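Open the model in a viewer and keep the selection tool at hand. The stops below go from one side chain to the next.

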Amino acid sequence: HPPHPSTNSADNYHHPLSPRSSYEPEPLPPGVEELDWYHDTLDRHVATTLLLNNAVEGTYLLRLSSSKPGLFSLSVRFKDSVKHFPLQWDGTLLRFGAATFASFPEFADHLYNQPMIGGDTGKPVTLKHPYPRHIDENPYYEHLKIHAMWNLPTGPSTHTTAAGFEVLPLTTKEGFLTKRGRIKTNWKTRWFVLHQHQLKYFKEQGDKTPIRTLDLNKLQSVDWTNLFDRQHCFRLVFPHRTYYMYSQSSPESEEWIRLLTWQVTKLRGSITALEQSIQPSGSFNNESYTSVRN
């Protein structure tokens with residue numbers, strides 16, 4: 001059987017009508033379309049938005065990847081984030097992590113038993129709620145009363161995104177980090193939530209009001225630091241303050257650094273190769289982070 005695919009492969013989605021699609025869709029494996037929580041070509045961004053705004057922890061859905069034949073993704077709602085896990089169908093077996101299943105219905109039976117699921121980092125979650133593909137909707141429409149235009153354009157007509165508006169990349173992550181205080185300089189564990197251009201931290205997991213909300217548009221740099229005798233410690237440099245924090249493992253801190261750097265780079269329109277930012281050994285390459293410094 002082919003090797004287990006990388007996690008990133010499941011999310012290189014291109015719309016089937018896009019010229020970037022590199023292959024003709026193959027017939028779906030038996031039993032997939034019968035699953036009412038299979039969402040076909042729903043992409044990563046839309047799946048994340050859907051689960052964040054209209055689902056609870058433990059909700060999941062299955063979607064197809066158009067980047068590679070036979071590759072699917074299970075999108076799962078965690079407390080304050082959404083994670084995407086790859087599934088590989090090789091024509092005979094369905095591979096999901098270290099487990100194999102003879103068919104998608106068998107995999108569905110497994111999920112209906114509410115197993116726990118987790119990635120390399122963060123806390124696992126129990127799969128409880130399949131998100132249905134078809135939901136009853138209000139059939140009524142609003143009557144159009146006003147349709148006016150001022151400052152008529154003088155140039156050719158375009159259908160590009162309106163000036164001054166940009167759809168933000170949707171990156172989510174949640175977890176505990178131990179943060180150094182600014183005044184007392186003691187270390188306290190807080191619950192952090194990354195969502196779009198904001199990084200919030202709370203006193204306790206489940207709190208509704210954050211202690212502080214950090215605007216990532218103002219983030220100047222993010223990198224490892226050995227300034228304190230703390231393992232897996234990294235820092236976030238803002239104009240008003242530098243935040244020092246660490247997680248319980250090097251992979252967890254690497255993921256925070258990688259996601260924060262990716263998000264800020266996207267916000268600033270950079271094309272830096274982020275995959276070279278973190279060395280395999282966990283060391284940090286400062287030069288590769290120049291794109292997120294003012």
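Which residue lies over the face of Phe78? Select Lys83, which sits 4.9 Å from the ring centre; a charge counts as over a ring if NZ of Lys or CZ of Arg is within 6 Å of the ring centre and within 35 degrees of the ring normal.

This is a predicted model, in which local features need pLDDT of at least 70 and side-chain atom pairs count only at pLDDT 80 or more, while totals for chains, interfaces and linings use all residues. Residues are numbered from 1 along each chain as its sequence is written, and side-chain values use heavy atoms, with hydrogens and water left out.

Next, show the rings of Phe, Tyr and Trp. The structure holds 14 aromatic pairs (ring centres within 6.5 Å, the six-membered ring for Trp; planes under 30 degrees apart are stacked, over 60 edge-to-face, the rest tilted). Select Tyr38 and Phe72: their ring centres are 6.3 Å apart and their planes at 55 degrees, so the pair is tilted. Tyr38 lies in the segment before H1 and Phe72 in strand E2 (residues 71-77), so the pair ties together parts 34 residues apart in sequence. Helices (H or I, at least four residues) and strands (E, at least two) are DSSP runs, numbered from the N terminus. Tyr38 has 2% relative accessibility and counts as buried (under 20% relative accessible area, 1.4 Å probe, protein chains only); Phe72, at 1%, is buried.

Terms used
Buried means under 20% relative accessible area, exposed over 50%, partly exposed in between (1.4 Å probe, protein chains only).
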